[in-house]
Amino acid sequence: MAQLLSPLPGTFYRKPSPDKPSYKEDGDSVAKGDVIGLIEVMKSFNEVKAESDGKITFMAENEEPVMAGQPLAEIV
Amino acid sequence: MAITKLLIANRGEIAVRIIRAAKELGIRTVQVHSAADAESLAVKMADEAVNIGPPHAAKSYLNVLNILEAAKVTGADAVHPGYGFLAENAAFADAVEAAGLIFVGPKGDAIRVMGDKVAARVAAEAAGVPVVPGSDGRIDDPEQAKAIALAIGFPVMIKAAAGGGGRGIRIAHDMHEFETLMPQASAEAKAAFGDGGLYIEKVIEKARHIEVQILGDGRRAIHCFERECSLQRRRQKVWEEAPSAVLPQDVRDKLCASAVALAEAVNYRGAGTLEYLYDDETQHFYFIEMNTRIQVEHPVTEMITGIDLLREMILICGGEPLRYTQDQVRMKGHAIEVRINAEDPAKNFMPAPGTVTSLRLPGGPGTRFDTMLYQGYQVPPFYDSLLGKLIVWDETRERAITRMRRALDELEVGGLQTTKPLHQLLATDESVARADFHTRWLEPWLEANAHKLSS
């Protein structure tokens with residue numbers, strides 16, 4: 001089990017753009033390196049990638065303000 | 001109907017700037033803010049503050065209902081939109097007026113006309129203002145296209161009429177190339193957009209970005225001369241000056257007169273800026289668009305003219321006629337502004353929010369720093385990276401650059417990476433000293449000088 005922590009402070013997005021589906025849903029299988037969301041910091045967007053393989057459960061909502069080090073998801 | 005209580009629907013340094021102008025006019029201030037900005041300088045300075053929602057701008061600074069509710073609850077009689085957020089949103093301007101409040105800016109209809117690129121181009125041409133030469137609309141007949149290309153002169157840009165995102169764009173340097181590229185562009189446009197229609201536009205190579213500040217009261221307009229903002233990175237201005245170092249006086253006169261003509265043609269009210277491309281070699285200028293709001297770089301104009309643009313826009317929108325005639329507006333000396341952003345120039349300008357652990361501000365003659373920073377302030381990651389604007393004025397451009405170097409040396413923002421090292425390097429650059437630049441000058445310069453910024 002591994003928690004995926006936000007690398008930056010900012011706004012967390014689970015979708016590539018507002019009218020697109022989420023990158024991943026709760027329970028989806030992910031592989032290390034898969035993009036699972038974006039962090040927007042001062043209008044620049046940074047991809048968040050899975051650091052391990054497993055099933056993902058999100059701990060932060062779409063458009064949620066997050067701090068650096070805050071858990072975004074759990075990968076089991 | 002003079003304004004007595006002004007709600008500021010913005011944040012950061014411009015909110016601070018608006019509060020200062022309002023206080024000097026004896027107007028009470030209401031600062032609306034997101035949950036992330038509760039400790040902001042603007043909130044501390046305003047007479048009242050109202051939380052209008054969560055950090056995400058869509059839920060706070062762009063939340064029209066909450067902003068209007070805050071105005072109602074506090075009894076504000078006017079709304080200043082600043083720049084960005086809702087400043088150029090015609091529906092917001094209309095909603096503010098429909099709520100019985102004054103919008104400190106133009107009428108919604110003027111925003112609508114000037115905010116639409118095609119409508120603005122039509123309005124400009126009708127007012128006799130030169131626009132970038134091209135086909136007025138789409139052309140499907142290749143022979144007609146060739147005739148237009150010859151008439152406007154090469155190089156020309158071939159664009160997809162249904163286009164967007166840069167697809168379907170070709171640049172032809174001569175007729176031979178044009179004949180080859182035209183069918184290619186049409187085929188690509190048809191494949192990408194289902195419509196092979198094209199239009200063509202002259203390419204202005206090595207253009208400068210020059211813009212004219214205007215003030216209007218809905219009937220009459222004046223200009224406050226021009227600013228040059230050719231130093232840009234990713235279309236964001238980084239260094240701005242007034243006046244332009246390269247504009248001959250007769251061209252300046254024509255340029256500024258064209259801006260006044262267009263502002264009066266749309267019955268413009270408040271402060272606005274008309275942006276142009278300027279071609280050094282031919283001394284031609286071409287209108288590109290109008291910004292119907294106060295701009296980030298307004299202080300350089302204030303420094304050379306002595307006119308407080310924020311004060312004037314508040315007075316005008318409160319119902320006073322324009323207080324100046326054109327011949328009362330004089331310019332003196334030279335002013336430069338640099339944008340101090342929370343970005344690390346050594347790491348490709350990566351945003352760098354954080355806490356200001358210490359702060360030393362520049363001062364002395366001809367030196368101004370518009371900022372929302374204070375020691376202990378936590379710069380939130382949710383908004384743009386502008387921390388402040390360092391503005392200097394001196395008798396000549398050369399002296400202003402020297403003063404800028406001195407003021408940059410004094411500025412110390414502890415705890416954050418900022419763009420100060422970029423400006424220190426620009427202020428010692430020979431091309432900058434000669435004003436020998438254009439809108440595509442800075443990006444290659446940054447690549448060539450990356451090693452000097454990486455220390």
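**Notebook: helix α11 of chain B, then chain A**

I listed the buried residues of α11(B) and found B:Leu309, B:Leu310, B:Glu312, B:Met313, B:Ile314, B:Leu315, B:Ile316 and B:Cys317, where buried stands for 20 or more other C-beta atoms, placed from the backbone, within 10 Å of the residue's own. I note that this is a predicted model, in which local features need pLDDT of at least 70, side-chain atom pairs count only at pLDDT 80 or more, and totals for chains, interfaces and linings use all residues. Residues are numbered from 1 along each chain as its sequence is written, while chains are lettered from A and ligands numbered from 1 in the order in which they are written.

The helix spans residues 309-317 and is mostly covered, with eight of its nine residues buried; helices here are DSSP runs of H or I with at least four residues, and strands are E runs of at least two, numbered from the N terminus. I then looked up what covers these buried residues, and the cover includes α1 (12-24), β9 (207-217) and α10 (298-305) of chain B, contact being C-beta atoms, placed from the backbone, within 7 Å. After α11(B) I reached B:Gly319, which has a positive phi near 110 degrees.

Turning to the interface, I recorded twelve residues of chain B in contact with nine residues of chain A.

Strand β2 (residues 10-13) of chain A joins β7(A) over three antiparallel bridges, and A:Phe12 stands opposite A:Glu64 in β7(A).

Notes. Two residues are in contact if their C-beta atoms, placed from the backbone, lie within 7 Å. Two strands pair if DSSP finds at least two bridges between them. A residue is buried if 20 or more other C-beta atoms lie within 10 Å of its own, exposed if 12 or fewer, and partly exposed in between; C-beta atoms are placed from the backbone.
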